[in-house]
Amino acid sequence: MLVSMKTVAFQPSGAAMKLSEVPQDDIKTLDGVKKALYALDEQGRYTRAATSGWEAEETVLSQVIADFAAKAASALQRVKSSETSPIEYFMYKRWMDPLTLAQSMGLFRWQVRRHFNPSVFRKLDERTLAEY
């Protein structure tokens with residue numbers, strides 16, 4: 001459900017967060033930046049609230065960042081041994097997966113995966129390489 005920037009009338013089901021419950025744990029991954037989320041106000045309407053994040057979010061984000069770092073390190077070793085193309089390494093370095101990269105390039109996922117093949121990568125034209 002898309003919610004506009006205005007407050008929206010809503011009958012809570014009991015699972016929605018109230019404004020007074022919005023966490024402010026100042027997580028490191030947000031680096032002091034606040035982000036918006038929606039919470040229920042005193043009248044039971046959804047409204048925007050600022051948060052500095054919460055501990056559970058920090059844990060998950062740290063795990064995701066570590067996972068991408070490990071995938072990038074593994075891909076770098078495969079690039080050095082000519083088992084994959086640099087596209088795979090830079091994809092993980094920029095916290096993307098094949099689907100996300102394909103969508104940003106306007107390609108199908110299978111095409112991106114095919115470009116991981118070093119022999120196919122060497123045949124890519126300059127325009128395609130520049131887009132990556």
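Trainee: What covers the buried residues of helix 3?

Mentor: Before I answer, keep in mind that this is a predicted model, in which local features need pLDDT of at least 70 and side-chain atom pairs count only at pLDDT 80 or more, while totals for chains, interfaces and linings use all residues. Residues are numbered from 1 along each chain as its sequence is written, and side-chain values use heavy atoms, without hydrogens and water. The cover of those buried residues includes helix 2, helix 4 (109-115) and helix 6 (126-131), where contact means heavy atoms within 4.5 Å and a helix is a DSSP run of H or I, at least four residues, numbered from the N terminus.

Trainee: Which residues of helix 3 are buried, and which are exposed on its other side?

Mentor: An α-helix has 3.6 residues a turn, so residues three or four places apart point the same way. In helix 3 (residues 98-105), the buried residues are Pro98, Leu101, Ala102 and Met105 (buried is under 20% relative accessible area, exposed over 50%, with a 1.4 Å probe and protein chains only). These lie on the same side of helix 3 because they cover an arc of only 100° around the axis, taken from the directions from the helix axis to the C-beta atoms. Gln103 and Ser104, on the other side of helix 3, are exposed.

Trainee: What follows helix 3?

Mentor: Helix 3 is followed by glycine 106, which has a positive phi, near 75°.

Trainee: What pLDDT does the chain average?

Mentor: pLDDT is the predictor's confidence in each residue, from 0 to 100; the chain averages 89, and 89% of the residues score at least 70. Over residues 1-12, however, the pLDDT is below 50, and this stretch has 17 contacts in the model beyond near neighbours in sequence.

Methods:
Helix = DSSP H or I, 4+ residues; strand = E, 2+ residues; numbered from the N terminus.
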